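Here is a friendly walk through a structure, meant for reading with the model open beside you.

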There are 2 protein chains.
Amino acid sequence: MKQELKTFFKPKTIAVIGASNNITKIGNAALKNILVSDYECKVHPINPREKYIMGLKCYKKITDVPGEIDLALIAVPAKIVPEIISDCVQKNVHGVIIISSGFSEVGNYELENEIKKRAKGSKMRMLGPNTMGYKNASVNLDASFAFGMPRKGNLALISQSGALGMGMIYLANNEFVGLSKIIGVGNKMDIDDDDLIDYFSQDPETKVIGLYIEGIKNGRGFMNSIKACDKPVLVVKAGRSKAGARATASHTGSMAGSDEIYEAAIKQAGGIRCRDVVELFDMARALAGQPPAQGNRVGIITNGGGLGILLTDACEANGLSIPKLSEKTYKKIDKILPDLIKPNNPVDLSADAGFYRYEVCTRALLEDPNIDGIIVASVHGGYARPREYTGAILKMVRERKLHEEYKKPILGFWVGGKEFEDLVLDLKVAGVPIYPSSWRTVRAMLSLYLEGERIKREKNN
Amino acid sequence: MKQELKTFFKPKTIAVIGASNNITKIGNAALKNILVSDYECKVHPINPREKYIMGLKCYKKITDVPGEIDLALIAVPAKIVPEIISDCVQKNVHGVIIISSGFSEVGNYELENEIKKRAKGSKMRMLGPNTMGYKNASVNLDASFAFGMPRKGNLALISQSGALGMGMIYLANNEFVGLSKIIGVGNKMDIDDDDLIDYFSQDPETKVIGLYIEGIKNGRGFMNSIKACDKPVLVVKAGRSKAGARATASHTGSMAGSDEIYEAAIKQAGGIRCRDVVELFDMARALAGQPPAQGNRVGIITNGGGLGILLTDACEANGLSIPKLSEKTYKKIDKILPDLIKPNNPVDLSADAGFYRYEVCTRALLEDPNIDGIIVASVHGGYARPREYTGAILKMVRERKLHEEYKKPILGFWVGGKEFEDLVLDLKVAGVPIYPSSWRTVRAMLSLYLEGERIKREKNN
């Protein structure tokens with residue numbers, strides 16, 4: 001029986017094998033990242049040619065270190081990795097991260113098999129090889145060689161691509177999406193996507209799980225882990241096209257498999273397939289901040305007719321419906337609109353809509369049993385009052401009824417200038433995702449609907 | 001025969017009928033916008049109850065103004081518009097902008113017909129009613145009541161929605177897309193999309209034409225104007241879904257018609273249909289700054305394998321192909337790559353790629369007759385060198401061979417943090433569109449391919 005991943009993500013002692021004083025070496029970056037982490041643990045650099053690295057006593061071999069080792073980062077040339085693995089097994093190391101590359105991803109299956117052989121029979125867990133490592137933002141531990149710590153939050157990310165993993169940290173920060181953990185799985189020799197989904201499904205810091213995948217080694221295990229997980233799982237599966245599959249093969253050496261099969265399997269398991277990583281973050285923001293939708297009926301509120309039409313088009317293209325307003329809701333909204341304007345869905349509050357119209361209308365839709373989710377749109381220009389638009393939405397959020405009483409999500413869609421970005425930020429901070437494109441807003445609403453359906457199915461089983 | 005639109009867009013004298021000292025009135029905003037324009041012309045406020053407005057002598061009626069009037073903005077209650085139109089006809093006004101609303105868009109066809117009757121037989125052109133007016137950024141004239149002047153550039157925008165028109169000004173500024181003109185067509189009683197496409201096709205300040213449309217009144221005229229235009233025409237046609245069509249009807253009173261028919265007709269006429277206004281700007285940026293692609297074969301360069309795969313998937317989904325590298329190109333690139341890495345398409349330059357690799361590889365693809373367009377992608381993280389990435393692309397642009405010699409476009413795709421936004425801006429300013437999403441990058445490349453095909457067809461006719 002292999003070790004569980006708890007200690008792997010929260011080690012009390014870490015060794016960096018291949019630690020270096022040379023700032024051009026990955027073993028330098030890896031050690032530095034651990035040391036600058038706001039995380040309490042013992043750190044041991046290992047390098048046969050140094051006595052001290054960054055002020056720490058350096059050991060020649062991991063077997064020389066006194067006491068237990070929970071985690072070892074390995075950043076040495078590929079050919080000596082097997083020997084290092086033998087040392088780690090001998091030392092009873094709990095888990096290792098093999099940063100080194102030059103294995104199956106470049107066709108050197110033999111060397112990768114040699115590692116497996118050396119570890120056989122031990123309980124030691126192995127991440128990689130060919131991985132950037134992980135960043136555990138929940139506890140502020142950076143056990144990777146990549147630069148930068150993500151904002152703390154509820155999204156756990158698993159990436160098969162190191163570069164894209166790093167890119168996703170930037171994207172997450174740009175999009176104000178907080179992460180619990182981000183982990184590069186590399187060649188997935190031991191620790192695989194399914195292990196991580198299982199772990200994150202139990203992780204109290206994680207509400208949403210996102211994966212960037214190029215190839216899957218154990219299809220059944222992957223699908224079962226998604227099925228067993230009671231949190232939303234977002235999947236970007238790259239290599240969907242034939243040319244993409246060829247590119248995948250040359251990138252990580254994995255077989256992409258038929259895209260239709262993946263599509264169907266992910267859906268059946270209850271995962272949500274995203275078109276790209278931007279969409280993954282769009283959906284993650286919605287799922288982390290808003291309650292799931294209980295159905296596919298969307299109410300749209302706008303201060304510009306055009307926005308309403310674009311949203312409606314996108315809803316229909318994604319299988320979401322825009323029902324007519326009930327008699328009761330119609331009356332509530334009709335009362336507060338200018339004489340010539342009649343309520344409809346989308347509700348056009350007209351260009352000069354202020355706090356009161358937004359508030360009354362949003363509340364009316366929240367109270368309407370025929371509406372499952374609400375999109376509030378605004379052109380922040382001309383006679384518009386952006387501060388009142390965001391203010392009205394914030395009021396709804398602060399009443400804290402969205403999750404418990406109404407069980408309905410609210411999403412924002414805005415078109416406006418940079419001068420209003422602070423307002424948009426207010427909403428993001430309050431957990432109300434707001435998007436600059438009608439399509440992206442609606443795709444986020446779709447994810448909330450799919451999550452609602454998943455939960456219903458789970459309850460019925 | 002109606003007047004041409006030249007004088008309409010560059011008037012020497014403007015009257016504002018319904019001008020006001022009251023800052024809550026649209027007639028106040030309209031007059032102010034003209035006065036703050038950096039544009040030389042005579043301006044006459046018209047209002048029977050005032051002697052001076054904003055320091056200008058005010059006339060009771062337009063017929064009282066001495067001399068000729070090129071353009072009259074009308075911002076008075078709907079019911080007195082017919083009378084005003086009669087005055088304008090009597091005064092031989094060249095063109096009018098009827099800002100006032102309360103006509104066919106709210107079901108009052110009678111009043112709109114009354115306007116038509118009053119203008120019958122005259123050569124006077126009429127924009128609206130129910131329009132925001134226009135902003136002629138080429139000459140700095142703001143003849144609208146909406147706030148803000150767009151950046152000067154080569155995209156002419158036509159919007160049926162006022163709010164979206166204003167929103168597009170913000171979007172354009174955010175996306176660093178310059179406009180030549182933006183015009184709200186409102187109810188399209190006289191000046192229609194086809195008139196404007198005809199005008200912009202002859203306008204030396206305009207390179208690309210973009211339309212936001214909810215309904216078309218004269219389908220044949222619309223298609224013919226696109227067909228006759230030798231500039232790219234981008235069309236966002238809202239109300240594509242059934243629910244969207246319903247919403248359209250209640251917004252501007254126009255019939256949306258069958259979406260399939262529009263789709264086919266726009267394509268046949270040589271226009272490019274955009275999914276939403278964000279895509280319109282993405283494509284406009286590419287078409288304004290880069291040469292069209294001579295075919296659909298895309299070369300991809302990246303510093304992260306994952307990015308290459310995502311781009312490849314998006315290319316295939318959009319009918320663009322990713323050909324294998326020719327022997328010659330392979331050799332050129334192989335020379336400069338690290339030993340273990342072999343060139344391919346996408347070319348993965350690996351994480352630490354610098355100026356030299358980007359430059360040699362981009363040039364090799366520019367020189368390859370099997371490649372029609374190039375996407376250069378970068379994750380600006382870890383060991384990446386963003387400044388060298390953008391530097392290499394800028395070098396290609398500054399050699400000024402893209403348009404004449406190579407006749408190939410270059411687009412950028414980046415994933416990175418806000419700290420690199422200045423670099424991204426450098427590319428945008430140099431006319432190299434760079435996008436934060438693989439899908440958006442590829443859609444922009446598609447527009448360059450479609451434009452290339454349109455030009456080929458035109459030459460063959």
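## Before you start

This is a predicted model, in which local features need pLDDT of at least 70, side-chain atom pairs count only at pLDDT 80 or more, and totals for chains, interfaces and linings use all residues. Residues are numbered from 1 along each chain as its sequence is written, while chains are lettered from A and ligands numbered from 1 in the order in which they are written.

## Chain A as a whole

Chain A has 17 helices and 19 strands. Helices (H or I, at least four residues) and strands (E, at least two) are DSSP runs, numbered from the N terminus. Along the principal axes, the C-alpha atoms of chain A fill a box of roughly 85 × 45 × 40 Å.

Of the 461 residues in chain A, 58% are buried. A residue is buried if 20 or more other C-beta atoms lie within 10 Å of its own, exposed if 12 or fewer, and partly exposed in between, with C-beta atoms placed from the backbone. Among contacts in chain A between residues at least 6 apart in sequence, 73% join residues at least 24 apart; a contact needs C-beta atoms, placed from the backbone, within 7 Å.

## Helix α6 of chain A

Helix α6 (residues 193–202) of chain A has 7 of its 10 residues buried, so it is largely enclosed by the rest of the structure. The buried residues include D193(A), L196(A) and F200(A). Among the elements covering the buried residues of α6(A) are β10 (152–159), α7 (219–228) and β13 (233–237) of chain A.

## Strands of chain B

Strand β6 (residues 95–98) of chain B is covered on both faces: G95(B) and I97(B) are buried on one side, V96(B) and I98(B) on the other. β6(B) runs parallel to β5 (residues 71–74) of chain B, joined by 4 bridges, and I74(B) stands opposite I98(B). β6(B) is also parallel to β7 (residues 125–127) of chain B, through 3 bridges, and there I97(B) stands opposite L127(B). Strands pair if DSSP finds at least two bridges between them.

Elsewhere in chain B, 5 strands form an open parallel sheet in the order β16-β15-β17-β18-β19. β16 (347–348) and β19 (434–435) of chain B are at the edges with a single partner strand each, so one side of each has no neighbour in the sheet. β15 (residues 298–302) of chain B is joined to β16(B) by 2 bridges, and I301(B) stands opposite V347(B).

## How the chains meet

How many residues of chain B are in contact with chain A? The number is 60, and they touch 61 residues of chain A. α11(B) gives the most to the side of chain B that touches chain A, with 10 residues. By class, that side has 26 nonpolar, 25 polar and 9 charged residues. Here Ala, Val, Leu, Ile, Met, Phe, Trp, Tyr, Cys and Pro count as nonpolar, Asp, Glu, Lys and Arg as charged, and the others, Gly among them, as polar.

Definitions and conventions. Two residues are in contact if their C-beta atoms, placed from the backbone, lie within 7 Å.
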